[in-house]
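Look at the sequence and the model below before reading on. The paragraphs after them go through the structure one part at a time.

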Amino acid sequence: MNALRNLFKGKGIEIAKEAFDRTILVGKFLCFLHVTNNYICSPTLVFGPSMLPTLSITGDLVLTEKISTRLGKVNNGDIVLVRSPENPKKILTKRILGMEGDKVTYLIDPHNSEKCRTITVPKGHIWIQGDNIYASMDSRQFGPVPYGLVQGKVFWRIWPISGFGSLGEEV
Amino acid sequence: MGALNFLWDTAKKSFTAGLITLTVSDRYASIAPIRGLSMHPTFNPNKSTFMGSPVDDRVLIEKFCLEKYKVSHGDVIVFRSPINYKEKHIKRVIALPGDWIQILNSYDTIRIPDGHCWVEGDNSASTLDSRSFGPIPLGLVQGRATHIVWPPQRVGKVEQKMPEGRLRPY
């Protein structure tokens, strides 16, 4: 009886130790995932009409990299993920059309008129616009956005397979 | 061979430790020093000293508020400067979306747009804040300062407080 109890005791400790080790391993793995996602690159599902025809309306799976954002290396023509200035819980996918100091000319109301306006992007800000100017909520409505809101640069499409490949700059 | 193994082990351990630290400081809490006098007298009231040498206050910054972007009036927040993304500033939230705020030294009252907040330093004489760059998007917020953790004689909670009579009922 005693021997049996001892055996169980030993087993219990062993199991607890194993469970502990596993938990630590999972924890480490999650940390690794967090760091890769936040500092190197992460997959993102983007959808909506604003980036037609570059990205489809039903949803594309793209890779975003975070390195060039951190180093300040994003440039005109890059597609970026930006935290919406109007609702911080939302992330927008847009193309950069002007860095700080650039002059940007845009159509105020593309549906009805050809009226243009030119503005200079202020220091530390960028001008973002969707590729589909008819259905896009972007800098034309809320003005230039601070660079600090940029979350990453979209550089590779994974899904749909037919569009697999790099999403370079095309202005 | 033993030395090589030892080196490899140390490298692996420090890598893991780095990963964990980075994750915790990104998601849960981190500690940051406060430079400058813009939040005087809340932080750096008079050059505090520790063992004879002057030190800046260090504060605990919690990141849980980032999940829902819930900040309230009077909170002290850390945010990326809208002018230079590499700088981080620490200021007090005075107004939230939808509030009407009266700007000091002028009779203007402006409405804070959706998703923005109005931040000001406690030391109105020397601070670069919303009075110079306007309301900032909440997306720039990086965390909320809750406690002072260093130097030892200054350990304590960071109080929420609001200057009187700045918000207009509308």
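How many of the 5 residues of strand S6 (residues 116-120) of chain A are buried? The number is 0, so this strand lies largely in the open. Two terms need their cut-offs here. A residue is buried if 20 or more other C-beta atoms lie within 10 Å of its own, exposed if 12 or fewer, and partly exposed in between, with C-beta atoms placed from the backbone. Helices (H or I, at least four residues) and strands (E, at least two) are DSSP runs, numbered from the N terminus.

The model is predicted: local features need pLDDT of at least 70, side-chain atom pairs count only at pLDDT 80 or more, and totals for chains, interfaces and linings use all residues. Residues are numbered from 1 along each chain as its sequence is written, while chains are lettered from A and ligands numbered from 1 in the order in which they are written.

S6(A) has a partner in chain A. Strand S5 (residues 103-107) of chain A pairs with S6(A) in the antiparallel sense over 5 bridges; two strands pair if DSSP finds at least two bridges between them. Within this pairing, A:Leu107 stands opposite A:Cys116.

The UniProt annotation "domain: Peptidase S26", from an unreviewed entry, covers residues 29-106 and 115-159 of chain A. UniProt positions are given in the numbering used here, feature names are shortened, and annotations may be inferred rather than shown by experiment. Over residues 29-106, chain A is 22% helix and 37% strand, with its end C-alpha atoms 46 Å apart. Over residues 115-159, the figures are 9% helix and 49% strand, and the end C-alpha atoms are 38 Å apart.

Now turn to helix H1 of chain B. The expected span of a helix is 1.5 Å times one less than its number of residues. For the 26 residues of H1 (residues 2-27) of chain B this gives 38 Å, and the end C-alpha atoms are 38 Å apart, which agrees. H1(B) is hardly covered, since the count of buried residues among its 26 is 1. B:Leu4 belongs to this helix, and B:Leu4 counts as exposed because it has 8 C-beta neighbours inside 10 Å. Between the C-alpha atoms of B:Leu4 and B:Ser14, 10 residues apart along the chain, the separation is 15 Å.

The two chains touch. In all, 19 residues of chain B are in contact with 19 residues of chain A, where contact means that the C-beta atoms of two residues, placed from the backbone, lie within 7 Å. H1(B) gives the most to the side of chain B that touches chain A, with 7 residues.

Next comes the interior. A nonpolar core is a set of buried Ala, Val, Leu, Ile, Met, Phe, Trp, Tyr and Cys residues joined through C-beta atoms within 7 Å. The largest such core has 44 residues, and those with the most contacts inside it are A:Val80, A:Val82 and B:Cys117. In soluble globular proteins, nonpolar side chains tend to be buried together.

Strand S11 (residues 141-150) of chain B has several partners. S11(B) is joined by 5 bridges to strand S4 (residues 58-62) of chain B, and the two run antiparallel. Strand S5 (residues 76-80) of chain B also runs antiparallel to S11(B), with 3 bridges. B:Arg144 of S11(B) is the bridge partner of B:Glu62 and stands opposite B:Ile77. A hairpin through 5 residues joins S11(B) to S12(B), and S11(B) pairs with strand S12 (residues 156-157) in the antiparallel sense over 2 bridges.

Finally, which residues of chain B does the UniProt annotation "active site" cover? The unreviewed entry gives B:Ser38 and B:Lys91. Although spread over 54 residues of sequence, they cluster in space, with a largest C-alpha distance of 8.0 Å. B:Ser38 is found in the loop between strand S1 (29-33) and strand S2 (49-50) of chain B, and B:Ser38 is buried, with 22 other C-beta atoms within 10 Å. B:Lys91 is found in strand S6 (residues 88-95) of chain B and counts as buried, with 24 C-beta neighbours inside 10 Å. Among the residues that B:Lys91 touches, not counting those up to four places away in sequence, are B:Ile77, B:Glu120 and B:Asp129.
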